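Me: I've got a model open and a few quick things to ask. Can we go through them one by one?
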Amino acid sequence: MTKAYLVRAAAGLTIAFSGTAFAQGWVPATEVIGQPIQVTTNGVTDTVTLSPGGQATITSPGGRVVNAAWTAANSQLCLVNGAAQECVPYAGPFQAGQPMALTSSCGASETWLAASTNAPPPPPPVAAQKGERGR
């Protein structure tokens, strides 16, 4: 095998595995932090906004704001306010404009809709490759 072949093969593997590395580097809920999520339960739509650091707000249609905390782990997105906790299945990022029908840990049928999402972080910079003579 020539040196050029090995360089091309390594470059190809780097490109092939970059998507896998990105998928493994996904941090749950980062796509919706700061973005309003419409959550409809029994015909009532509340707006949930997740903030960095695990804080959240739940705003009712009448404008009442309830402070809460959130976590996303073990394929669950959980909201906690006071003594109440409710979790929904969450195995992948929200997609803007794509409603998700979920059943909460309380047995409620809910529809979660993120109108928009944050852009994914840019991939890490790739080191510039030098020519075969090191230039």
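Me: Which side chain does a polar contact of 2.7 Å join to that of Q35?
Reply: That of S116. Keep in mind that this is a predicted model.

Me: Where is Q35 placed?
Reply: Q35 sits in the loop between helix 1 (3–24) and strand 1. Leaving out residues up to four places away in sequence, Q35 touches V48, T49, S116, T117 and N118.

Me: Is Q35 buried or exposed?
Reply: Buried, because its relative accessible area is 18% and the cut-off for buried is under 20%.

Me: New topic, the largest nonpolar core. Which residues touch the most other members?
Reply: L50, L77, L79 and W112, out of 19 residues in that core. Strands 1, 2, 3, 4 (65–73), 5 and 8 each give two or more residues to this core. Strand 4 has the largest share, with three residues.

Me: What does W112 touch?
Reply: Not counting residues up to four places away in sequence, its contacts include L77 and L79, along with I37, V88, F94 and M100.

Me: On to pockets. What volume does the second largest pocket have?
Reply: About 360 Å³.

Me: And which residues lie nearest its centre?
Reply: D46, I58, L79, N81 and E86, from a lining of 20 residues. By class, that lining has 11 nonpolar, five polar and four charged residues.

Me: Which strands supply at least two residues of that lining?
Reply: Strand 1 (36–41), strand 2 (44–50), strand 3 (55–59), strand 5 (76–81), strand 6 (84–89) and strand 8 (109–114).

Methods: Residues are numbered from 1 along each chain as its sequence is written. This is a predicted model: local features need pLDDT of at least 70, side-chain atom pairs count only at pLDDT 80 or more; totals for chains, interfaces and linings use all residues. Side-chain values use heavy atoms; hydrogens and water are left out. On a 1 Å grid over the protein atoms alone, a cavity is a set of points where a 1.4 Å probe fits but cannot get out, and a pocket is an open set with protein on both sides within 12 Å along at least five of seven lines; lining residues have an atom within 4 Å of a point. Grid points are joined across faces, edges and corners, and a volume is the space filled by probe spheres set on the points. Helices (H or I, at least four residues) and strands (E, at least two) are DSSP runs, numbered from the N terminus. Ala, Val, Leu, Ile, Met, Phe, Trp, Tyr, Cys and Pro count as nonpolar, Asp, Glu, Lys and Arg as charged, and the others, Gly among them, as polar. Buried means under 20% relative accessible area, exposed over 50%, partly exposed in between (1.4 Å probe, protein chains only). A polar contact is a pair of N or O atoms within 3.5 Å; within protein, one must be able to donate a hydrogen and the other to accept it, and residues adjacent in sequence count only if both atoms are side-chain atoms. Contact means heavy atoms within 4.5 Å. A nonpolar core is a set of buried Ala, Val, Leu, Ile, Met, Phe, Trp, Tyr and Cys residues joined through side-chain atoms within 4.5 Å.
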